[in-house]
Amino acid sequence: MDLTIGGMIASLVVVTILFGMMGLIFNETFTALESNKKYLDFFTEAQMVSSTLNQLLSQSVWTTKDKILIPNTTSGFKIGYFDPSGGMPTVQDLTLEYDSASREIRFGGKKVLGLSNMISNIKFEVNDTNILMTIETDKIKDSQGKNVKYTVPLLTILTESS
């Protein structure tokens, strides 16, 4: 078997091209995994927020859309909640709100959840039968370059009180 300079150069070119292609494949794989991890982190936290709020609000009392809605705000709403203090339980209105400055969700002025910087905004929209919660992140963009949003209904199990 003869070794020539031309043969050695040709094999070096082939090996270089193969290593370059492997590098591109690994780069694309790691980029896709990193993107999927961001989606997983966002949707996991959004589901945790949704589950926690549904559990917290399952003891509340659905009244009417007008009583629940806070005018000129989408960062919170007020809802009736039983106050067991005293003889006869009464319904008092407590406010659930998202404070974007401290990245906290508060219920009745008390911190319920502290959120990571993955969530950039939470909005509430009061409908006749439920409340839609939209959680938004600015860490992930969709194909049109807009922030990814996750919308879920809250309070679908409550009945109207008198």
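**Close-up views of a predicted model**

View 1. Leaving aside residues up to four places away in sequence, T137 touches F42, M118, S120, N147 and V148. T137 belongs to strand β7, which spans residues 131-141. With a relative accessible area of 0%, T137 falls under the 20% limit and is therefore buried. One of the residues in contact, M118, also places its backbone oxygen 2.4 Å from a polar atom of the T137 side chain.

**View 2. Nonpolar surface patch including F30.** V15, F19, M22, F26, F30 and L33 make up a nonpolar patch on the surface. Together these residues have about 640 Å² of accessible area. F30 is located in helix α1, residues 5-57. Its relative accessible area of 51% is over the 50% limit, so F30 counts as exposed.

**View 3. Hairpin of β3 and β4.** Strand β3 (residues 90-99) pairs with strand β4 (residues 104-107) in the antiparallel sense, over four bridges. Y98 is opposite I105 of β4. Four residues separate the two strands of this hairpin. In the turn, R103 has a positive phi of about 55 degrees.

**View 4. Hairpin of β4 and β5.** Strand β5 (residues 110-114) pairs with β4 in the antiparallel sense, again over four bridges. Here E104 is opposite G114 of β5. The hairpin has two residues between its strands. A positive phi of about 65 degrees is found at G108 in the turn.

Terms used. Residues numbered from 1 in each chain as written. Predicted model: local features only at pLDDT ≥ 70, side-chain atom pairs only at ≥ 80, totals over all residues. Heavy atoms only, no water. Patch = residues over 30% accessible without salt bridge, like charges linked within 9 Å, V, L, I, M, F, W, Y side chains within 5 Å. Areas by Shrake-Rupley, 256 points an atom, 1.4 Å probe, with all protein chains shown as cover. Salt bridge = Lys/Arg side-chain N within 4 Å of Asp/Glu carboxyl O. Buried < 20%, exposed > 50% of the residue type's maximum accessible area, 1.4 Å probe, protein only. Polar contact = N/O pair within 3.5 Å; in protein donor to acceptor, adjacent residues only side chain to side chain. Contact = heavy atoms within 4.5 Å. Pairing = 2+ DSSP bridges.
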